[in-house]
Amino acid sequence: IIVYAQSKDGRRIPTQVTTSPIRNAAGEVIGGVETFRDVSPILVDLERARKIQEQSLDQDLPEDPRVHFSTFFMPHDIVGGDYYAVKQIDANRYGFLLADMEGHGVAAALYAMHLSILWNRHFHLLKNPADFAAAVNAELIEIFGSVVTFATAMCGIIDVSEATLCFTGAGGPTPLIIHQNWNIDQPKSTGPPLGVMEDTVYKEKTVKLEPGDAILLFSDGAIEIQNAEGEWLGNEGFTQILKSLDYPRTKLSMDSLEEELLKFSNDIRLQDDITIIEVRFAGQNASG
């Protein structure tokens with residue numbers, strides 16, 4: 001964790017704090033040793049990396065009265081290991097990708113930024129999400145080589161004229177489709193994470209959408225949160241938090257959501273990167 005110390009002359013010094021427990025002969029923790037290290041030089045590079053990552057995620061979201069996209073990104077560290085993208089395919093179809101590299105921090109962020117290259121390289125395949133996932137999987141296996149890492153992901157298309165969501169899952173959380181009456185669908189399309197198995201054949205899932213639907217795609221940092229009692233939040237806890245925030249009747253507030261997630265975890269910060277793509281589907285007859 002990086003905190004800021006204040007020197008005698010008033011300067012703020014970025015400091016990394018590490019803690020090691022001291023145990024007695026019975027293995028009980030009886031104290032601890034804290035180490036403080038000035039990380040000013042490292043922080044300069046991390047801030048530069050953060051700006052580069054922000055630029056790769058800074059996209060002009062499509063403007064269409066029939067469907068509205070919003071994106072939210074909260075990295076665990078200064079840089080994060082998540083990547084997302086939304087892009088128009090044609091007059092009625094929109095493609096998306098949400099990927100979460102294993103772990104977080106600098107290494108995960110570097111791999112995640114490479115996903116932006118693969119997104120642009122294979123975007124033409126996204127009309128069939130399973131083909132897109134297979135192509136990205138093959139390239140990530142080459143890139144990772146002997147490094148044991150992977151990316152969970154969700155990719156797909158929203159067809160406004162057909163009122164459908166067609167997607168392929170690669171180890172990522174199941175999307176939530178929240179209807180106006182607060183009935184929730186959790187369609188599953190589960191394949192192995194990207195970068196793990198060669199020649200993987202992915203499958204697609206297509207579901208119908210209704211006017212007024214809110215679709216949430218999110219990385220596992222939003223649900224894989226553990227509290228002090230060892231309980232996991234999961235999809236059920238996440239949806240209960242959304243309901244307590246009066247979503248989707250009200251606009252999704254990431255500040256309010258983060259506050260509720262922190263209350264559940266009883267921690268000072270969230271345990272992983274969190275990325276959310278929100279889609280508000282108005283329907284074919286909507287007009288500007």
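**Rings, charges and helices**

Visitor: What lies over the face of Trp182?
Guide: That's Lys243, at 5.4 Å from the ring centre. A charge counts as sitting over a ring if NZ of Lys or CZ of Arg is within 6 Å of the ring centre and within 35 degrees of the ring normal.

Visitor: Before I go on, what kind of model is this?
Guide: It's a predicted model, where local features need pLDDT of at least 70 and side-chain atom pairs count only at pLDDT 80 or more, while totals for chains, interfaces and linings use all residues. Residues are numbered from 1 along each chain as its sequence is written, and side-chain values use heavy atoms, with hydrogens and water left out.

Visitor: OK, back to Trp182. Where is it found?
Guide: Trp182 is in the loop between β9 (176-178) and β10 (184-185). Helices (H or I, at least four residues) and strands (E, at least two) are DSSP runs, numbered from the N terminus. The phi of Trp182 is near 70°, a positive value in a residue other than glycine.

Visitor: Which ring has the charged end of Arg12 over it?
Guide: The ring of Tyr4, with the charged end of Arg12 sitting 4.1 Å from its centre.

Visitor: Now salt bridges. How many does the structure hold?
Guide: Eight. The term covers a side-chain nitrogen of Lys or Arg within 4 Å of a carboxyl oxygen of Asp or Glu. One of them brings together the side chains of Asp64 and Arg66, at 2.7 Å from N to O.

Visitor: Are Asp64 and Arg66 buried or exposed?
Guide: Both are buried. Buried means under 20% relative accessible area, exposed means over 50%, and partly exposed is in between (1.4 Å probe, protein chains only).

Visitor: And what does Arg93 form a salt bridge with?
Guide: With Asp90, the closest N and O atoms being 2.8 Å apart. Arg93 has a relative accessible area of 22%, so it counts as partly exposed. Asp90 is partly exposed too, at 30% relative accessibility.

Visitor: Which residue meets Asp246 in a salt bridge?
Guide: Arg249, with 2.8 Å from N to O between the side chains. Asp246 is partly exposed because its relative accessibility is 29%, while Arg249 is exposed at 72%.

Visitor: Let's switch to rings. How many aromatic pairs are there?
Guide: Five. Rings of Phe, Tyr and Trp (its six-membered ring) pair if their centres lie within 6.5 Å; planes under 30 degrees apart count as stacked, over 60 as edge-to-face and the rest as tilted.

Visitor: Why is the pair of Trp119 and Phe132 called edge-to-face?
Guide: Because the planes of the two rings are at 80°, with their centres 5.9 Å apart. This pair links distant parts of the chain: Trp119 belongs to helix α2 (residues 106-122) and Phe132 to helix α3 (residues 129-144), and the two residues are 13 apart.

Visitor: Is Trp119 buried or exposed?
Guide: Trp119 is buried, with a relative accessible area of 4%. Phe132 also counts as buried, at 1%. Ring pairs link Trp119, Phe123 and Phe132 into a cluster.

Visitor: So how do α2 and α3 cross?
Guide: Their axes come within 10 Å and cross at roughly 135°. That makes α2 oblique to α3. Angles under 35 degrees count as roughly parallel, over 145 as roughly antiparallel, 65 to 115 as roughly perpendicular and the rest as oblique. The axes are lines fitted to C-alpha atoms, for helices over the stretch in contact, and angles run from 0 to 180 degrees between N-to-C directions.

Visitor: How far apart are Arg269 and Glu259?
Guide: They're 10 residues apart in sequence and 9.6 Å apart in space, C-alpha to C-alpha.
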